[in-house]
Amino acid sequence: MIDEWLSILARMPLRRVLSAVATSLVLFCAFIVLALVMDPFRNVLPFTVLADGFLQGHLYYPSEHLDLMGASYHGEMFFLDAIMWNGHLYWPQGPFPVLLLMPFVALFGVYFPTVLISLFLTALNFYLLYTLAQRFHFRVPDALFLATFFVFGTVYIGVAALQTSYMFAHVITTTCLLLAIHVFLSSYRYRLVLTGLCIACAMATRSTVLLAVLFFLFLIVRDNAQWKTRLQQSAAVLAPIFLVGVGMLIYNDARFGSFFETGYALADISPVFAPLLARGLFSLSHIPTNLYLFLFAAPEPVFALGQGYT
């Protein structure tokens with residue numbers, strides 16, 4: 001494989017190769033500086049605190065860390081998206097990031113800088129994009145520029161640098177999906193099961209990512225003429241997703257007493273949004289407003305907000 005890379009490089013204009021490599025290295029160094037500046041090893045994520053709760057044997061935030069989870073507004077403590085239920089504070093999102101962080105929290109505590117995980121996963125995402133481009137016969141400079149554009153030329157750069165629970169989950173989800181594509185296109189013996197496992201891990205991070213499985217099922221149907229093969233391969237992909245999905249249902253029931261309650265319907269939200277929640281979390285009536293805000297609404301400048309935050 002090394003000989004093949006050397007032969008490819010030998011046919012490339014040296015200036016173009018060096019330009020692509022230098023661009024990637026400079027942007028990576030800038031990203032590392034940005035991430036460390038924006039997260040100076042002091043930001044505590046809900047995932048790290050919840051990982052400490054898991055290590056203690058329960059599914060909610062430990063009471064000794066509740067002061068790390070809230071924000072004060074007019075002297076009153078708010079817990080943002082966390083769910084207060086039966087006297088305990090829960091996080092409604094999937095448990096995979098928590099499981100991923102448990103070894104680090106066990107060794108270094110809740111103040112473990114998750115930015116280090118984001119930096120590692122970002123480097124891995126860059127490599128996966130580069131190798132995927134190579135699989136589709138991109139030349140070395142073009143593959144480097146594609147990976148560079150995705151990581152540094154899209155919203156991903158901000159997502160990876162901002163160490164909030166939502167952004168951290170997006171980085172993990174991106175890695176899981178890129179791994180799923182990489183494994184699906186490989187010749188590994190258990191590539192279909194591993195593909196399903198990657199999608200399942202992404203689903204256990206951000207549940208809406210489950211829809212990504214449709215693209216893999218489409219490729220299975222497209223590339224196989226016999227229905228028996230289609231069903232067997234589809235079952236191999238879906239089996240890990242089904243098992244993880246059952247685990248998430250049990251996780252919901254253990255927290256909120258219902259298999260289908262993630263906690264969002266129990267959230268103590270602002271009165272401004274209460275009428276929207278009354279329509280249901282997945283009501284079709286939300287679609288026009290969301291499309292308008294996503295496609296047409298311009299940012300509104302905010303110069304003051306009441307008395308401000310304390």
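Helices α8 and α10 (residues 213-223) pack with their axes 12 Å apart, at an angle of about 10 degrees. That angle makes α8 roughly parallel to α10, a label that goes to angles under 35 degrees, while over 145 is roughly antiparallel, 65 to 115 roughly perpendicular and the rest oblique. This is a predicted model, where local features need pLDDT of at least 70 and side-chain atom pairs count only at pLDDT 80 or more, though totals for chains, interfaces and linings use all residues. Numbering starts from 1 along each chain as its sequence is written, and side-chain values use heavy atoms, with hydrogens and water left out.

**Helix packing around α8**

- On the α8 side, Ala-180, Ile-181 and Phe-184 meet Phe-216, Leu-219 and Ile-220 of α10, where contact means heavy atoms within 4.5 Å.
- Sorted by class, that α8 and α10 contact has six nonpolar, no polar and no charged residues. Here Ala, Val, Leu, Ile, Met, Phe, Trp, Tyr, Cys and Pro count as nonpolar, Asp, Glu, Lys and Arg as charged, and the others, Gly among them, as polar.
- Helix α8 (residues 165-184) also meets helix α4 (residues 96-108): their axes come within 10 Å and cross at roughly 95 degrees. Axes are lines fitted to C-alpha atoms, for helices over the stretch in contact, and angles run from 0 to 180 degrees between N-to-C directions.
- α4 and α8 are therefore roughly perpendicular to each other.
- From α4, Phe-96, Pro-97, Leu-100 and Leu-101 make this contact, and from α8 it's Phe-168, Ile-172 and Cys-176. By class, that's seven nonpolar, no polar and no charged residues.

**Buried spots**

- Ser-234 sits in helix α11 (residues 227-256), and it counts as buried because its relative accessibility is 13%. Buried means under 20% relative accessible area, exposed over 50%, and partly exposed in between (1.4 Å probe, protein chains only).
- Leaving aside residues up to four places away in sequence, Ser-234 touches Leu-217 and Ile-220.
- Pro-113 is in the loop between α4 and α5 (115-135), and with a relative accessible area of 13% it is buried too.
- Pro-113 and Leu-45 are 68 residues apart in sequence, yet their C-alpha atoms are 9.0 Å apart in space.

**Loop residues with positive phi**

- Asn-86 isn't a glycine, but it has a positive phi of about 55 degrees. You'll find Asn-86 in the loop between β3 (83-85) and β4 (88-90), exposed at a relative accessible area of 64%.
- His-137, also not a glycine, has a positive phi of about 65 degrees. His-137 lies in the loop between α5 and α6 (140-152) and counts as exposed at 75% relative accessibility.

**The chain overall**

- The protein chain has 13 helices and four strands; helices (H or I, at least four residues) and strands (E, at least two) are DSSP runs, numbered from the N terminus.
- Of the 310 residues in the protein chain, 39% are buried.
- Take the contacts between residues at least 6 apart in sequence: 67% of them join residues at least 24 apart.
- The accessible surface is about 18,300 Å², with 70% of it belonging to carbon and sulfur atoms.

- Mean pLDDT for the protein chain is 80, and 77% of its residues reach 70 or more; pLDDT is the predictor's confidence in each residue, from 0 to 100.
- Among the elements, strand β1 (residues 71-73) has the lowest mean pLDDT (47), and helix α9 (residues 191-203) has the highest (95).

Notes
Areas by Shrake-Rupley, 256 points an atom, 1.4 Å probe, with all protein chains shown as cover.
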